[in-house]
Amino acid sequence: MLGDAKLDSLDTRLEQFKLNNAANQNDLQTILKEYSQLLDDYKTLKIAYDAKGNGLKVEELEAISNIKHRNPYILVLVDGNGYVFNDELVRDKEEGGMRAARMLNDAVEKHLRESLPQAKDSRIIVRIYADLTNLSKQLARSKIIGLEKRSICPFTAGFTRAINLFDFTDALDEEGTKFKIRESFKLAVEDGACSHIFFAACHDSGYYSQLVPYTGNRDKVTLVQGAGFNSDFHTFGLNVTQFPTLFRWSELASAPPNTKAPFANKAERKASSTETKAPTKNTYAHAANGSGSWRRDDTNGMSDAPLIDISSSLGDEDGYNGNSAKKKTQQCKFFQKGFCRFGDKCNFIHPGDVSVSQQKPSGIIIDRSDISSQLPTAVVQGFIPINKNNQRIDTYVREPTQEEWVAYNARFHSNKPCNNHHLQGMCTRFGCPYDHNTLEPGVRHCLEYVVKCSACPRKSACRSVECIQGHLCQKNDCVGQAKGCKMKTDMHNVDPRLASMVPAEDEEIMHDDFSGVPLPPATSMGMW
Ligand SMILES: [Zn+2]
Ligand SMILES: [Zn+2]
Ligand SMILES: [Zn+2]
Ligand SMILES: [Zn+2]
């Protein structure tokens with residue numbers, strides 16, 4: 001048994017550690033900023049210096065260095081052990097490899113057309129490096145390919161063969177892979193002919209330092225998100241894209257002894273095993289919660305097993321609320337990690353829970369001045385965008401114009417448009433009383449906006465692709481219900497920034513009977 005003095009001292013040390021850690025994080029951010037500033041200044045200085053040496057004016061030299069390169073290219077750089085092609089591609093060996101190459105080419109071309117038009121005429125060079133022996137072992141454990149050594153080779157050969165500048169190369173081991181990725185990146189990022197780099201090695205903090213000088217350099221580098229994306233990479237302020245039809249979104253079972261389990265997974269295992277000590281239904285639901293994320297436990301070797309969400313089969317709330325009368329004693333591991341889907345019904349303590357202050361006029365703790373531009377503008381079909389706290393976020397839906405409101409209200413008065421039909425694309429209701437006739441685009445947008453302003457009952461935990469309701473308040477500077485917002489305080493404290501995407505988990509259409517929403521109050525028309 002620990003004495004009070006000892007406990008106090010441990011408490012103090014923990015607090016001290018937290019403070020120090022926060023201070024270090026701040027210092028790091030400052031240093032990164034200063035470093036990037038220094039680099040910019042240096043470049044400017046260098047141009048001036050060179051200009052002097054050549055007897056040229058600074059502007060002339062800048063013009064020369066900006067001359068379009070005759071053979072611009074974009075580089076797709078992939079760590080093949082962190083970014084593994086989808087099972088159906090790998091399984092088809094040579095054929096699958098060729099298909100993967102063509103699909104990647106198409107996906108990159110599409111991305112260039114849509115997001116980087118200045119680079120759309122560049123040739124596409126793809127360099128994938130991997131420890132093929134280990135990768136083959138991992139895939140064989142999941143029974144995707146054979147057990148022979150380097151059994152993935154037919155796939156990589158097909159990939160390399162398919163397109164002139166595409167290479168899938170064996171780098172022997174993990175160190176070899178990192179070495180090749182680092183050197184290729186270094187060469188391309190300083191090469192004026194390289195118009196853009198897609199960097200697909202964001203699962204490993206070992207690559208972190210190399211990206212530091214390119215913080216905020218969205219013209220040059222785009223990060224590719226895959227399974228095990230390390231959210232630290234978001235601090236670079238670079239654009240993030242995904243190729244979910246190509247790369248798998250769940251991590252492979254690792255093949256010991258070569259690879260160690262990532263720290264995050266260890267922590268997760270520890271967390272769930274701690275909570276398992278209290279045998280409540282809540283605990284099982286929590287376990288399901290943990291395994292529902294794509295960052296799944298990498299030791300079970302069953303990454304393809306179907307997920308069963310036990311919590312959804314509990315049905316009524318009382319099912320997991322039976323213990324709530326008892327005094328809570330243990331801290332909730334899930335809340336500590338950022339998010340617990342049970343909210344105030346959780347049997348464990350949620351320290352400093354913001355939802356406690358819901359009754360106050362304002363319990364808003366995040367900066368809401370620019371929510372609209374921080375929200376994602378597009379998502380990948382079949383995936384749910386989430387923030388760093390695993391909370392669902394929505395794509396931005398702009399406020400309707402005055403004319404759109406007028407048209408919407410007129411339409412609404414004659415016959416309420418059916419939400420399911422117009423927004424989900426289908427209505428299963430027999431003899432649906434709502435209007436299924438085609439809507440003008442402005443009216444449809446209004447309908448979408450109004451439905452997004454009503455809170456989804458599952459809130460941040462919702463993973464349904466069919467869900468059309470809102471999972472956070474999108475209005476800039478909204479102070480919540482005090483000013484007529486229909487969303488509660490917790491929906492105003494959801495970080496709007498995209499951290500990751502998780503596969504949707506649809507059991508059925510959840511908001512089946514959610515039809516016909518009330519008119520916005522006339523006074524707030526257009527101000528919503
Ligand atoms: Zn909890
Ligand atoms: Zn309908
Ligand atoms: Zn929802
Ligand atoms: Zn609001």
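Predicted model: local features only at pLDDT ≥ 70, side-chain atom pairs only at ≥ 80, totals over all residues.

Reader: Fine. How many aromatic pairs are there in the whole structure?

Author: The search turns up 18 aromatic pairs. One of them is Phe85 with Phe159, a tilted pair at 5.6 Å centre to centre, with 50° between the planes.

Reader: Where do Phe85 and Phe159 sit?

Author: Phe85 is in the loop between β1 (73-79) and α3 (87-91), while Phe159 belongs to helix α6 (residues 153-162), so the contact ties together parts that are 74 residues apart in sequence.

Reader: And are those two buried or exposed?

Author: Phe85 and Phe159 are both buried.

Reader: Which residues do ring pairs link into a cluster?

Author: The cluster consists of Tyr83, Phe85, Phe155, Phe159, Phe166, Phe168 and Phe247. So that Phe85–Phe159 pair has both of its members in the cluster.

Reader: What kind of aromatic pair do Phe233 and Phe236 form?

Author: Edge-to-face: the centres are 5.9 Å apart and the planes make an angle of 70°. Phe233 has 0% relative accessibility, so it counts as buried. Phe236 counts as buried as well, because its value is 1%.

Reader: Switching to metals. What coordinates the zinc ion (ligand 3)?

Author: Its donors are the SG atoms of Cys456, Cys462 and Cys467 plus NE2 of His471, at 2.1 to 2.3 Å.

Reader: What's the geometry of that zinc site?

Author: Tetrahedral, with angles of 99 to 117° among the four donor atoms. Along the sequence, the donor residues of this zinc ion follow the spacing C-x5-C-x4-C-x3-H.

Reader: Where do Cys456 and His471 fall in the chain?

Author: Both are in the loop between α17 (441-452) and β8 (500-503), 15 residues apart. Cys456 counts as buried because its relative accessibility is 1%. His471 is buried too, with a relative accessible area of 0%.

Reader: How accessible is Leu2?

Author: Leu2 has 48% relative accessibility, so it counts as partly exposed.

Methods:
Residues numbered from 1 in each chain as written. Chains lettered and ligands numbered in written order. Heavy atoms only, no water. Phe/Tyr/Trp six-rings, centres within 6.5 Å; stacked < 30°, edge-to-face > 60°. Helix = DSSP H or I, 4+ residues; strand = E, 2+ residues; numbered from the N terminus. Buried < 20%, exposed > 50% of the residue type's maximum accessible area, 1.4 Å probe, protein only. Donors = N, O, S within 2.8 Å, 3.2 Å for Na, K, Ca; no water. Tetrahedral: all angles 85-135°; square planar, octahedral: opposite > 155°, others 65-115°.
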